[in-house]
Amino acid sequence: MFNLILFGPPGSGKGTQSENIIAAYGLQHLSTGNLLRSEIADQTTLGLKAKTLMDAGQLVPDEVVIGMVDNFMNAHPEAKGFLFDGFPRTTAQCVALDDLLKQKGNEINVVLALQVGEEELVKRLLGRGATSGRSDDTNETIIRARIKEYNDKTTAVATYYAQFEKVVNVQGEGSVESIYADLKKEIDARI
Ligand code: ADP
């Protein structure tokens with residue numbers, strides 16, 4: 001199995017580049033943001049609770065997200081590997097993911113960390129909000145709250161994996177094609 005974490009702040013291009021990577025390498029895409037939005041669309045109890053937090057730019061509790069990831073991985077036993085997008089977002093989620101993978105004799109192979117400056121992130125997210133219908137992308141205060149959550153809690157994910165020398169920084173500004181080419185080079189060197 002080849003397991004990849006695509007890491008970076010909100011608006012860093014994880015969703016866009018995930019599509020390119022899963023198409024090329026046949027990995028199973030696991031986006032916790034997408035899973036949560038589908039719970040909201042289905043109006044499940046989990047979705048209703050998550051929506052309030054997501055609309056405020058805050059993280060959903062670790063145990064909720066970890067349970068969702070565990071279920072998703074168990075539902076895809078045929079996967080050649082997973083591309084984790086938007087997960088893990090806290091150190092507790094990193095530890096839980098390592099445990100889930102270890103139980104099946106697997107591990108995270110690489111963390112590709114997209115580097116994008118804050119003003120570029122805000123510009124991209126407001127641009128996306130104008131067309132995507134994502135309520136958390138339309139308000140600059142909420143966008144800045146998400147970036148703050150990222151700085152306060154999620155940058156620790158890179159620190160966690162850096163201790164195992166698994167983190168590779170990739171420039172996330174430039175054309176979609178040139179960023180993908182850089183990501184591909186790093187994947188090809190390891191897969
Ligand atoms: P973005 O990366 O653009 O912020 P996502 O679609 O990954 O968008 O996530 C949207 C929201 O869903 C986050 O702001 C957060 O509230 C919630 N969320 C997604 N993944 C996680 C996670 N792993 N842990 C906690 N909350 C999460």
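Good morning. I begin with a crossing: helix 4 and helix 5 cross in a right-handed sense. Please bear in mind throughout that the model is a predicted one.

Two packed helices are described by the angle between their axes and the distance between those axes. For helix 4, residues 62-74, and helix 5, residues 91-103, the axes come within 10 Å and cross at roughly 25°. Angles under 35 degrees count as roughly parallel, and helix 4 and helix 5 are therefore roughly parallel to each other. On the helix 4 side, the contact involves Asp62, Val65, Ile66, Val69, Asp70 and Met73. These meet Ala92, Gln93, Ala96, Leu97, Leu100 and Leu101 of helix 5. By class, the residues of this contact comprise nine nonpolar, one polar and two charged.

The second pair is helix 1 with helix 8. Their axes lie 10 Å apart, and the packing angle is about 50°. That angle makes helix 1 oblique to helix 8. The crossing of helix 1 and helix 8 is right-handed. Helix 1 contributes Thr16, Gln17, Asn20, Ile21, Ala24 and Tyr25 to the contact. From helix 8 come Val176, Ile179, Tyr180, Leu183, Lys184, Ile187 and Asp188. Here the division is eight nonpolar, three polar and two charged residues.

I turn now to empty space. Rolling a probe the size of a water molecule over the atoms shows where such space is left.

The largest pocket has a volume of about 920 Å³. Which residues are the closest to its centre? They are Pro10, Gly11, Lys14, Arg128 and Arg134, out of 43 lining residues. Several elements each supply at least two residues of this lining: helix 1 (14-25), strand 2 (28-31), helix 2 (32-41), helix 6 (118-132), helix 7 (140-162) and helix 8 (176-188). Helix 1 and helix 8, the oblique pair, are thus both among the contributors to the largest pocket. The lining of the largest pocket divides into 12 nonpolar, 19 polar and 12 charged residues.

The second largest pocket holds about 180 Å³ of space. Its lining has 14 residues, and those closest to the centre are Phe7, Pro9, Leu114, Gln115 and Tyr150. Strand 4 (110-115), helix 6 and helix 7 each supply at least two residues of the lining. Which element provides the largest share? Helix 7 does, with four residues. In the lining of the second largest pocket, nine residues are nonpolar, four are polar and one is charged.

How many cavities of 30 Å³ or more does the structure hold? There is one, and about 70 Å³ of space lies in the largest cavity. Its lining consists of Ile5, Leu6, Phe7, Gly8, Lys14, Gly86, Phe87, Pro88, Arg89, Tyr150 and Thr154. Strand 1 (4-7) and helix 7 are the elements that give two or more residues to that lining. Strand 1 gives the most, with three residues. The cavity lining divides into six nonpolar, three polar and two charged residues.

Thank you for your attention.

Note on methods
Residues numbered from 1 in each chain as written. Predicted model: local features only at pLDDT ≥ 70, side-chain atom pairs only at ≥ 80, totals over all residues. Heavy atoms only, no water. Axes fitted to C-alpha atoms, helices over the stretch in contact; angles between N-to-C directions. Parallel < 35°, antiparallel > 145°, perpendicular 65-115°, else oblique. Left-handed = near helix turned anticlockwise from the far one by under 90°. Contact = heavy atoms within 4.5 Å. Nonpolar A, V, L, I, M, F, W, Y, C, P; charged D, E, K, R; others polar. 1 Å grid on protein atoms, 1.4 Å probe; cavity = no way out; pocket = protein on both sides within 12 Å on 5 of 7 lines; lining within 4 Å. Points joined across faces, edges and corners; volume = space filled by probe spheres on them.
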